[in-house]
Amino acid sequence: MASLEVRIKRANKTFKEGDVIAGVLVITCKGEVAHNGINLSMEGTVTLQLSARSVGLFEAFYNSLKPITLVDSSMAMAKPGKLPTGKTEIPFEIPLKPKANRTLYETYHGVFVNIQYVLKAEMKRTLLAKDVTKQVEFIVEYRDQKETVKTAPVDFTVSPDSLSNVKERVNVPKFLVKGTLASVSCKITEALTGNVAVEHSDIPIKSIELQLVRVETCGCAEGYAKDATEIQNIQIADGDVARGISIPVFMSFPRLFTCPTIATNTFKVEFEANVVIVLQDDHLITENFPIKLHRF
């Protein structure tokens with residue numbers, strides 16, 4: 001009986017293109033174990049998936065939704081032979097380089113788009129014994145860029161006149177909400193900030209919330225499926241807030257569930273922020289802001 005473990009030397013397991021990933025394979029055996037070779041492979045893939053409502057709409061999707069391989073390299077760690085009782089450690093170094101004509105995107109765990117990088121170790125066993133495998137995920141981030149994106153504050157006003165998607169405008173209560181977002185072009189390592197103030201509302205306010213939404217698009221020339229799902233929702237005010245008081249807005253972008261905005265021929269990952277005002281009668285007033293995330 002043998003167990004396999006992949007240990008990466010860097011504690012945060014975060015790497016950039018061109019880095020060398022170093023670590024050790026630790027094989028623990030209760031007795032002498034014969035094997036047919038030990039291999040280490042590095043895989044990076046973009047996995048695309050259709051939402052339940054999109055399945056069947058486009059036959060062409062099934063060809064374009066195959067996983068996209070970004071990284072695919074392997075190395076032999078040990079030739080066929082026997083491992084002694086106890087622990088055996090085999091050091092490794094493997095460079096992080098994309099396949100030809102491919103770009104390394106940042107690690108991202110979404111609902112319909114998933115970008116993942118793993119190291120996978122495999123010890124092949126003899127005919128009747130089961131192969132031993134172990135994989136560990138590591139994080140990929142973009143390299144530093146000299147150019148930084150310019151940011152500018154965005155002012156907004158929400159009133160009955162600014163609302164869309166309203167069936168009966170006559171029944172909409174009178175209200176006026178003003179606010180500012182520091183920028184809609186956001187650095188992913190810094191928080192989304194701003195302020196919001198309720199100037200007037202006929203109906204008491206129940207809650208004010210800030211919602212972060214991912215908009216994932218999968219598709220091809222024949223058509224595409226676009227789905228928006230919530231990442232997180234933060235309450236920034238509770239109850240009928242005092243009128244004219246500036247309420248701070250602050251939201252950090254969660255790691256892995258967000259990444260710099262991506263747009264390619266076969267998929268897109270975009271983000272939106274919603275300022276949601278919930279009235280006492282459970283009416284929702286939402287102001288939507290498409291936001292662009294970047295690393296630098």
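Asp 19 and Arg 10 join their side chains in a salt bridge, with 3.6 Å from N to O. A salt bridge here is a side-chain nitrogen of Lys or Arg within 4 Å of a carboxyl oxygen of Asp or Glu. Side chains of opposite charge can pair when their charged atoms come close.

This is a predicted model, where local features need pLDDT of at least 70, side-chain atom pairs count only at pLDDT 80 or more, and totals for chains, interfaces and linings use all residues. Residues are numbered from 1 along each chain as its sequence is written, and side-chain values use heavy atoms, with hydrogens and water left out.

Look at how the first pair sits. Asp 19 is buried, at 16% relative accessibility. Arg 10 is partly exposed, at 36%. Buried means under 20% relative accessible area, exposed means over 50%, and partly exposed lies in between (1.4 Å probe, protein chains only).

Now move to Lys 82. Its salt bridge partner is Glu 32, and their closest N and O atoms are 3.8 Å apart. This pair links distant parts of the chain, 50 residues apart. Lys 82 lies in strand S7 (residues 81–83), while Glu 32 lies in the loop between strand S3 (20–29) and strand S4 (33–35). Strands (E, at least two residues) are DSSP runs, numbered from the N terminus. Both Lys 82 and Glu 32 are exposed.

Glu 122 and Lys 124 make another salt bridge, with closest N and O atoms 3.6 Å apart. Glu 122 is partly exposed, at 25% relative accessible area. Lys 124 is partly exposed too, at 32%. In total, the structure holds ten salt bridges.

Notes. Helices (H or I, at least four residues) and strands (E, at least two) are DSSP runs, numbered from the N terminus.
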